[in-house]
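Subject: A structure to look through

Dear colleague,

I am passing on the structure below, and I would be glad if you opened it beside this message and followed the notes residue by residue.

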Amino acid sequence: MRTALLAFTLFAVCSAQTKIVLTNDDGWAVAQIRAEYAALKAAGYDVVLSAPASNKSGTGSSSAPAQPLSSPCEYNSCPSGSPAQGFNATDPRLNYVNSYPVDSVRYGIQTLSPKFFGSKPDFVVSGNNIGLNTGSTTQISGTVGAASEAALEGIPSVAFSGSSGDQVSYTTLSDTSASSTQAANIYTSLLLKFTNQLLGASLLTPILPTGISVNVNFASISSCSSASSYKWVFTRIYADSTATDVETCGSTHLTAETTAISKGCIATVSVFNATTKSDVDAATQKYVYDKVSPILSCL
């Protein structure tokens with residue numbers, strides 16, 4: 001009982017103090033990101049959302065100055081002619097940027113965080129992306145691109161992606177029977193579990209090493225009825241039998257995330273270099289592994 005109380009106390013302190021910028025590449029009004037925004041706030045985190053005005057999937061680390069809207073934001077969530085950056089009239093912490101994911105997270109870090117937090121954010125959540133970002137896809141993923149940008153600006157980050165879900169408006173979340181809503185809710189629960197574990201284990205040490213981010217992918221919900229169905233597995237982005245990785249499950253060769261996630265209800269966790277978007281050495285892997293090991297299993 002004492003251990004459980006201590007864990008709860010540490011999480012409560014962490015969540016109350018942690019300032020998060022939430023971004024994605026699917027757009028500021030997509031159902032998945034709005035479900036996460038609500039859940040992170042309910043968990044006690046201080047959150048501001050800064051995401052593209054429209055779907056910018058597959059744009060990697062592209063960047064360009066934001067421009068006024070020549071057409072409406074996605075799902076008509078803002079009208080044509082709106083400014084290059086804007087916000088929801090009823091919640092100014094919901095912000096769009098009419099440019100790429102990299103520009104959106106940069107705006108969240110450099111402009112919105114000083115405004116709402118009075119400082120830089122402590123952490124960036126990128127995604128959950130609709131569709132997996134594993135293996136070589138990480139090189140073109142806007143979700144991974146935004147997480148990389150945050151890490152390069154000195155802000156710890158994680159890129160989250162899931163196999164299931166649809167590009168639908170947040171207004172559809174009220175339909176709890178819809179498969180897109182079920183995916184949003186399951187993946188949001190998984191995202192929150194990982195975030196709680198990583199940040200709760202980081203009260204006295206840096207969340208992540210400088211210039212390093214984490215790529216997390218969730219398998220399809222088709223045979224996984226809830227977040228509790230998922231097994232967390234520590235992986236690498238690219239298969240490499242010659243590499244010496246952190247020792248896990250009796251081996252120093254991590255399974256590639258594309259292989260691991262095909263095994264069923266799996267959530268993969270890979271550590272990557274924000275500059276190259278590729279795997280890191282065993283010592284860097286171990287830094288992250290030690291923080292999240294309480295939720296990890298063997299494949």
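**Disulfides**

A disulfide joins Cys-73 to Cys-78, with an S to S distance of 1.8 Å. Please keep in mind while reading that this is a predicted model.

A search of the whole structure finds three disulfides. Another of them joins Cys-224 to Cys-265, with S to S at 2.1 Å, and here the torsion about the S-S bond is about -100°, so the disulfide is left-handed. This pair links distant parts of the chain, since Cys-224 sits in the loop between β7 (212-218) and β8 while Cys-265 sits in the loop between α6 and β9 (266-273), 41 residues apart. Both Cys-224 and Cys-265 are buried.

There is also a disulfide from Cys-249 to Cys-298, again with a stated S to S distance of 2.1 Å, and its torsion of about -105° makes it left-handed. Because Cys-249 lies in the loop between β8 and α6 and Cys-298 in the segment after α7 (282-292), the pair ties together parts that are 49 residues apart in sequence. Cys-298 counts as partly exposed, at 41% relative accessibility. If the bonded cysteines are numbered in sequence order, the pairing reads 1-2, 3-5, 4-6.

**Backbone details**

Most residues other than glycine have a negative phi, and most peptide bonds are trans. Cys-249, however, has a positive phi of about 55°, and Asn-76, in the loop between β2 (46-52) and β3 (85-88), has a positive phi near 55°. Asn-76 counts as exposed, because its relative accessibility is 63% and the cut-off for exposed is over 50%. A cis peptide bond, with omega about 10°, joins Gly-127 and Asn-128, and Asn-128 belongs to strand β5 (residues 123-130).

**Two buried residues**

Gln-32, in helix α2 (residues 31-42), is buried, with a relative accessible area of 5%. Its side chain makes a polar contact of 3.2 Å with the side chain of Thr-188, and beyond its neighbours within four places in sequence, the residues in contact with Gln-32 include Asn-128 and Tyr-187.

Gly-60, in the loop between β2 and β3, counts as buried at 4% relative accessibility.

With kind regards

Notes. Residues numbered from 1 in each chain as written. Predicted model: local features only at pLDDT ≥ 70, side-chain atom pairs only at ≥ 80, totals over all residues. Heavy atoms only, no water. Helix = DSSP H or I, 4+ residues; strand = E, 2+ residues; numbered from the N terminus. Buried < 20%, exposed > 50% of the residue type's maximum accessible area, 1.4 Å probe, protein only. Polar contact = N/O pair within 3.5 Å; in protein donor to acceptor, adjacent residues only side chain to side chain. Contact = heavy atoms within 4.5 Å. Disulfide = S-S within 2.5 Å.
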